[in-house]
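Here are my notes on this entry, as numbered points. Please read them with the structure open.

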Amino acid sequence: MNQTQSMVARLCCSLASPHPVFSKARVARGWFTLFLLLIGLSAAPKDVQAATAEAQLDRATASVGETVTLSLRVEGATLRGGHPPPPSLDGLKVTPAGQSSQISIVNGRRSMQLQLTYQVELEKPGDYTIPSFNVPTDAGTLRTRPLSLKVTKPSPMNLANSPAFLQIAVPKKEVYLGELLPVDIQLYVEEARLVQGPQLTGEGFNVGKIADPTKANTRINNRNLTLVTFRTVVTPVKTGPLSLGPVSMILDVPVPGSRPDVFFGRPSQRMKPTSEEVKITVLPLPAGAPPEFTGAVGKYEMSYTAGPTTLAVGDPITLKLAISGQGAIEGLTLPKLDHWKGFKFYPASTRTELGDPLELGGTKYFEQVVVPQSPETQTLPAFQWSFFDPDERVYRTLTGAAIPLQLSSAAVSSAPPPMLGTNGPAGGADRASGLLHIRPQMGIALQAPRPLWDQPWFLVAQLIPIGLWGVLRLQRLRQESLANNPRLKRQREVGVLVAAGLRDLRTQASGQQPDIFFETMVKVLRAQIGQKLDLPESGLTEAVIDEKLAPRGLPAEAATELHDLFRQSNQFRYAPQMTAAKLTELVPRVEKALNAIKSLPD
């Protein structure tokens, strides 16, 4: 009992048995004082909770590439000014991730709690101190205590025990300048959803496009993992010791120890695995390159033809070359032919056929026109093209044999000058007799065209804008009608979503994609249930089947069918084995359940 309550008790006792010396006025004042105290007690809060703010991390030690959750909890007060700004630290990236609030009343005591969440991405190893938060509230500015966080380098043991980890694999660590180096980006993961693809960095390298990934099953430290391999190609553009990587990705992985939900699946957390760097030594090309070398590095073959070989001086000859092999095909060029005397050259045209998605090889076609300038030129010289072989560490020259030519002197014919035509008779005497008429007959006179307003198509064209305006007006009225009737709008949107979902289910069943199939199935069922009950989909659970759909008249057979569909979806998460035939059998059952829900009254 507090001091105020004790005072009221003593006052009540004295008034109940007043002392004889008390006057009536004094007793009246006592009753009035008691009345004021009782009013104060009824108006005062039963319990006053002190405002507090506390920050905490979900763990104090983590490795580079992982994400740590920072929670800021405020009790007994409301925020002023929105989300407190996160601290800025070199090596840590802190971003707001959301907020939640809760109000509870227990035994007359009211408590209010607000929780703000931040995601901390770990970019560099080290010991960090996250400074205090200054939290402005209606109870004043609250201050949290500093937090300590230790970030370690990702060791192989840590990587093997993490939900996902990355590494870079290269076939060799010593390459030549301009040589193509295949790179495998290997992701080891149990279960994850890709948010951002691999981001490979490397100063001194040109990074090519990343091909579609491949998947394989593997086992590390008694753990069954999926190996996802992303392949790409890098080309060194400078020499010396270089670092390739790191490479990073952004994934959503399930929270360890969490249980799956039939509607929402397992709760996930954001993760950014990061690989270690790979040291690559880039060697310069050796000296002694032949004159025909234009910078090609790799392994190549060449075919060479030219034609025609029987022609006159000044006629063109087309050189056709096809260079095939492994290397930077797009960048191949021909050497200059300045040493070919007695020819005029035109720029070459090119065409490339790539042999694989990574553009590691293929064929490049060249066509160049040369024109002999002298009849003394009787041979097309041998054609030579050189490249550097990085495996054998030598320059190689491919040679197309010389081609004999049969040239003749250019015969220039002098054609008679054209004569001006006349409309007169063909005889020479008549043409010389004097001036002739340019047009002796006037021909048919042209008629003036009919005016536009007198043509039917022009009148019909005037109706097009009116018809277009009418269509747009009807569309606008329909949109306004839907805006004023949100339930009808949602019903139509869900109808479109369900129709598309059923088409996707048939495609996914035939393609044996059970994970996507069950995700689509649960999505369309939740959408149809939410529309029929006029409830948000995010708040639905499997319990609504018996609590809300059954009272509306859902047949028991349909309710059992719905329970079984959700049970199979949940069972697949634990035992992901499902054939295409079984998936196909589920499609009509899903359609039947949807029709049963649609038939219920709104």
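1. α6 and α10 pack at an angle of about 165 degrees, and their axes lie 8 Å apart. This is a predicted model. Angles over 145 degrees count as roughly antiparallel, so that is how α6 and α10 run relative to each other. Their crossing is left-handed.

2. Which residues make this contact? From α6 come Val498, Leu502, Leu505, Arg506, Gln508 and Ala509. α10 brings Ala580, Leu583, Thr584, Val587, Val590, Glu591, Leu594 and Lys598.

3. The largest nonpolar core has 35 residues. Phe517, Met521, Leu554 and Val590 have the most contacts inside it. Two or more residues each come from α6 (486-510), α7 (514-533), α8 (544-549), α9 (556-574) and α10 (580-598). α7 gives the most, nine residues. In soluble globular proteins, nonpolar side chains tend to be buried together.

4. Look at Phe517 in particular. Leaving aside residues up to four places away in sequence, Phe517 touches Leu505, Gln508, Ala509, Leu583, Leu586 and Val587.

5. What are the strand partners of β20? β11 (residues 174-176) runs parallel to β20, joined by three bridges. Here Val175 stands opposite Val282. β17 (residues 240-244) runs antiparallel to β20, joined by five bridges. There Leu244 stands opposite Val278.

Technical notes. Residues are numbered from 1 along each chain as its sequence is written. This is a predicted model: local features need pLDDT of at least 70, side-chain atom pairs count only at pLDDT 80 or more; totals for chains, interfaces and linings use all residues. Side-chain values use heavy atoms; hydrogens and water are left out. Two strands pair if DSSP finds at least two bridges between them. Helices (H or I, at least four residues) and strands (E, at least two) are DSSP runs, numbered from the N terminus. A nonpolar core is a set of buried Ala, Val, Leu, Ile, Met, Phe, Trp, Tyr and Cys residues joined through side-chain atoms within 4.5 Å. Buried means under 20% relative accessible area, exposed over 50%, partly exposed in between (1.4 Å probe, protein chains only). Contact means heavy atoms within 4.5 Å. Axes are lines fitted to C-alpha atoms, for helices over the stretch in contact, and angles run from 0 to 180 degrees between N-to-C directions. Angles under 35 degrees count as roughly parallel, over 145 as roughly antiparallel, 65 to 115 as roughly perpendicular and the rest as oblique. A crossing is left-handed if the near helix is turned anticlockwise from the far one by less than a right angle, and right-handed if clockwise.
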